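I write down each item as I looked it up.

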Amino acid sequence: MKTSIPLGKTPQSERFQRGWQQLEAIDGEAGKQVIDSLQAIAPDLARYVIEFPFGDIYARPGLDLKSREIATIAALTAMGNAQPQLKVHIQAALNVGCTREEIVEVVMQMAVYAGFPAALNGMTAVKEVFAA
C-alpha cells in the first residue's frame with residue numbers, strides 16, 4: 001500500500017514497504033495517525049519510524065508479533081515517560097492477539113522492575129485504552 005508520506009525524490013524502498021505493511025498490521029489506524037502527524041514537521045522521522053522499527057526489527061523472524069508487543073509494553077511502561085506510545089502499543093497488542101489479562105499482567109510485572117509509580121502510570125494508560 002502506498003502512503004502519502006513525502007519522501008522527496010527517493011522512491012519507496014522495499015524496506016519502507018515492508019515496514020508500512022507491518023505498521024498497518026500491528027497498529028492499524030493509530031499507527032497511520034502517528035506517521036501522518038509527522039509529515040508536515042519531520043517527514044524523515046516518519047520514514048525512519050517505518051523503516052527501522054517496523055521494516056527491520058518487527059519483521060525479524062525470532063519473535064512473533066504478540067511477543068514483540070508484550071516486550072514493547074514492558075519497556076514503555078518501565079520508561080515511565082512515553083504514555084502516548086504506550087497507549088498505541090497497548091492497542092497494537094490487542095490487535096495482534098494479546099488478551100486484556102496479559103496486558104494487565106505485563107504492566108503489573110513492571111512494578112517489580114521499574115517501580116510502583118511506573119506500573120501505576122502504565123495501568124492508567126491500560127485503563128484508558130480499554131475504555132476507548
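**Ground rules**

I note that this is a predicted model, in which local features need pLDDT of at least 70, side-chain atom pairs count only at pLDDT 80 or more, and totals for chains, interfaces and linings use all residues. I number residues from 1 along each chain as its sequence is written, and side-chain values use heavy atoms, with hydrogens and water left out.

**Whole chain**

I looked up the secondary structure and found six helices and zero strands in the protein chain, where helices (H or I, at least four residues) and strands (E, at least two) are DSSP runs numbered from the N terminus. Along the sequence the pattern reads α-α-α-α-α-α. The radius of gyration of the protein chain is 15 Å, close to the 14 Å that the globule rule gives for 132 residues, so the chain is as compact as a globular protein of that length. For that entry I note that the radius is taken over C-alpha atoms and that the globule rule is 2.2 Å times the number of residues to the power 0.38. The C-alpha atoms fill a box of roughly 50 × 30 × 25 Å, taken along the principal axes.

I then checked burial, and 37% of the 132 residues count as buried; buried means under 20% relative accessible area, exposed over 50%, and partly exposed in between, with a 1.4 Å probe and protein chains only. The accessible surface comes to about 7,500 Å², of which 60% belongs to carbon and sulfur atoms, the areas coming from the Shrake-Rupley method with a 1.4 Å probe, and for residues only the protein chains shown count as cover. Of the contacts between residues at least 6 apart in sequence, 61% join residues at least 24 apart, a contact being heavy atoms within 4.5 Å.

I also looked up the charges: the mean positions of the 12 positive and 14 negative charges are 4 Å apart. Here Lys and Arg count as positive and Asp and Glu as negative, while His and the chain ends are not counted, and each charge is placed at NZ of Lys, CZ of Arg, CG of Asp or CD of Glu.

I found Trp-20 in helix H1, where Trp-20 is buried with a relative accessible area of 3%. Leu-38 is also placed in helix H1 and is buried at 16%. Leaving aside neighbours within four places in sequence, Leu-38 is in contact with Pro-43, Leu-45 and Ala-46.

Ala-46 in turn belongs to helix H2, and with a relative accessible area of 0% Ala-46 is buried. Helix H2 (residues 43–57) has 15 residues and reaches 20 Å from its first C-alpha to its last, close to the 21 Å expected at 1.5 Å a residue; the expected span is 1.5 Å times one less than the number of residues. Which residues of H2 are buried? I list Ala-46, Ile-50, Glu-51, Phe-54 and Gly-55, and the buried residues of H2 pack against helix H1 (14–38).

**Helix H4**

The 13 residues of H4 should span 18 Å at 1.5 Å a residue, and its end C-alpha atoms are 18 Å apart, which agrees. I find Leu-86, Val-88, His-89, Ile-90, Ala-92 and Ala-93 buried in H4, and the buried residues of H4 pack against H1, helix H3 (65–79), helix H5 (100–114) and helix H6 (116–131).

Not counting residues up to four places away in sequence, His-89 touches Asp-27, Tyr-58, Glu-69, Thr-72, Ile-73 and Leu-76. Just after H4, Gly-97 takes a positive phi of about 110 degrees.

**Distances, C-alpha to C-alpha**

I checked Trp-20 and Met-123, which are 103 residues apart in sequence and 29 Å apart in space. Ala-46 and Gln-109, 63 residues apart along the chain, are separated by 31 Å. Gln-85 and Gly-62 are 23 residues apart in sequence and 23 Å apart in space.
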